[in-house]
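Keep the structure open while reading.

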Amino acid sequence: MSAQWHAFADLATLTGRMLKHNIRSVDTIMTVLGMPLMILLAFVFVLGGAMDTGPVRYVDFVVPVVLVFCITNGAAYTAFRVNRDATDGMSARFRTMPIARWAITGGHMGAAVVANGASVAALMGVALLIGYRPHATWMGWVVTVALLMATLTAFAAVGVACGLAAKTDEGAIMFMYPLMGLLFVSSGFAPTSTMPVPLRSFADHQPMTPLINAIRGAQLGHVDAGATWVALAWLVGFIVVFSALATAAGRHRRA
Amino acid sequence: MADDVPAVQVTALRKAFGRQEVLRGLDLEVPAGEVLALLGANGAGKTTTVSILTTLLKADGGTARVAGLDVAREPARVRQAVTVTGQNVAVDAVLTGLENLTLIARLRHVPAPKQVAAGLVERFGLADAACRRAGTYSGGMKRRLDIAMSLIGDPQVVFLDEPTTGLDPGGRREVWVAVDAMAARGRTIILTTQYMEEAARLAGTMAVLHDGVAVATGRHEEILRAAGGAADLETAFLRLTGQEETR
């Protein structure tokens, strides 16, 4: 068997391990699936009636941010678990074994993409049940899936970097708060045109707004090429920058 | 590995963390099939030595070979030859004992990983707890699981870094039995310990680390002789590590 084949088999084994961690943690399921679900219901049924989103129904408006919120919460657990592995000796064990280095981190990334992707799909299912009606073209669906996959990967990379940089598992989760904070100051819950000017100029120029606008546009039948490219540029930037930070943090940890 | 190739061969090994020099030219040779106890006070460089030999750390100078392989030049092949049980128990608390063993068996690419795991669960007296999460195990059980995980794939050189620290006498005895069994199978074992009676009980040879070098190496009697004819190992250890006056 070739070394490459071994590495991919190891990636599958380590991804399976982290998927068990996700499935066996009630805490994870509550935070990654339960909390976005409650936010969805609360915003649609409690606050939605008072929201003015023009011709777009509020449920159609708010679903994209709920999906991104779910991915962000999931990435916080990636940070938590990467930190646990780094502090409790599991990653040291793996690193003394004949396993490709990239497969060790890849296991965390792979599990994040699969588990959080499944949560996103489940949330989408509930959204459809409560009246969410996307009218995406096939191109719109391609763009939606591409953006969600890129978001899953990019935020998982942020999680890995935070997990390696933090001293404790609680610290690892705290490093992820700014990412969550950005969601609330974006076009996710309300149009940025309703915000005070200083807040609005921030909201319009941070990564979450183009991401949410791009998903929303694709879902509602008018793919916004500009927002899509800006969002993808942000996400690729996240992957590059946080992969480098993760490498540096991992090296610093072992020095 | 041919029998005449030393399992571990360390020459003039140096490692510093910032300005703090931990290893200052360590020399050490362990013949294949030996059980060696690495003795030293806290901070003497025992764990640093184990980390370099198991490819977790890079040395600043000198050479280290494990099973004839240079750890700096061929880390991937060294990882095929070694296994390590670290100071902290490295078991996955969320997985069951059986799943922990199966995980490592899969990663070592042994044939029939599930059967290997089931066999080890029996051998290490964990059969009753095999399907419980490792997080619920006692300290001794976790350590036994940890050691069982380290034995999968039958690596030639086994490193045990303070394998009994924090265990009660029963747990310690369980680990000793496991070490004896490994030694009986002809594995080379390098263990670090703070306990002289443990070193005397398990190891054929010892090396005393002090100030980043090996101040004495050899069998029980040779250590006593190196310490100027000390009556027992503990006295010899304190004398060799310059702690005699303070006690």
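**Buried charge, cores and cysteines**

B:Arg187 is buried, at a relative accessible area of 19%. The cut-off for buried is under 20%. The model is predicted. The search over all chains gives 19 salt bridges and zero disulfides.

**Salt bridges in chain B**

- B:Arg187 pairs with B:Asp154 in a salt bridge, at 3.8 Å from N to O.
- B:Asp154 sits in the loop between H5 and strand E7 (157–161) of chain B, and B:Arg187 in the loop between helix H6 (169–184) and strand E8 (188–193), so the bridge ties together parts 33 residues apart in sequence.
- B:Asp154 counts as partly exposed, at 37% relative accessibility.
- B:Arg73 and B:Asp70 form another salt bridge, with an N to O distance of 3.5 Å.
- B:Arg73 is exposed at 67% relative accessible area, whereas B:Asp70 is buried at 9%.

**Salt bridges around A:Arg17**

- A:Arg17 and A:Asp85 form a salt bridge, their closest N and O atoms lying 2.8 Å apart.
- A:Arg17 belongs to helix H1 (residues 3–23) of chain A and A:Asp85 to helix H3 (residues 58–88) of chain A, so this pair links parts 68 residues apart in sequence.
- A:Arg17 is buried at 4% relative accessibility, and A:Asp85 is buried at 6%.
- A network of salt bridges links A:Arg17, A:Asp85 and B:Asp92.

**Nonpolar cores**

- The largest nonpolar core holds 61 residues, and A:Phe94 and B:Leu101 have the most contacts inside it.
- Helix H5 (residues 139–151) of chain B gives this core its largest share, six residues.
- Another core, of 55 residues, lies apart from it; among its members are A:Phe43, A:Val68, A:Ala166 and A:Leu211.
- Beyond its neighbours within four places in sequence, A:Phe94 contacts residues of chain A including A:Leu14, A:Arg17, A:Ile99 and A:Ile104.
- In chain B, A:Phe94 contacts B:Leu103, B:Ile104 and B:Leu107.

**Nonpolar surface patch**

- A:Val26, A:Met30, A:Met35 and A:Met38 make up a nonpolar patch on the surface.
- Together these four residues have about 400 Å² of accessible area.
- A:Met38 lies in helix H2 (residues 26–47) of chain A.

**Cysteines**

- The whole structure has zero disulfides.
- A:Cys70 is in no disulfide, and its nearest cysteine sulfur, in A:Cys162, is 18 Å away.
- The cut-off for a disulfide is 2.5 Å between sulfur atoms.
- A:Cys70 is buried, at 0% relative accessibility.
- B:Cys131 is exposed, with 66% relative accessible area.

Terms used: Residues are numbered from 1 along each chain as its sequence is written. Chains are lettered from A and ligands numbered from 1 in the order in which they are written. This is a predicted model: local features need pLDDT of at least 70, side-chain atom pairs count only at pLDDT 80 or more; totals for chains, interfaces and linings use all residues. Side-chain values use heavy atoms; hydrogens and water are left out. Patches are made of residues with over 30% relative accessible area and no salt bridge: like charges are joined within 9 Å, nonpolar side chains (Val, Leu, Ile, Met, Phe, Trp, Tyr) within 5 Å. Accessible areas come from the Shrake-Rupley method with a 1.4 Å probe; for residues, only the protein chains shown count as cover. A salt bridge is a side-chain nitrogen of Lys or Arg within 4 Å of a carboxyl oxygen of Asp or Glu. Helices (H or I, at least four residues) and strands (E, at least two) are DSSP runs, numbered from the N terminus. A nonpolar core is a set of buried Ala, Val, Leu, Ile, Met, Phe, Trp, Tyr and Cys residues joined through side-chain atoms within 4.5 Å. Buried means under 20% relative accessible area, exposed over 50%, partly exposed in between (1.4 Å probe, protein chains only). Contact means heavy atoms within 4.5 Å.
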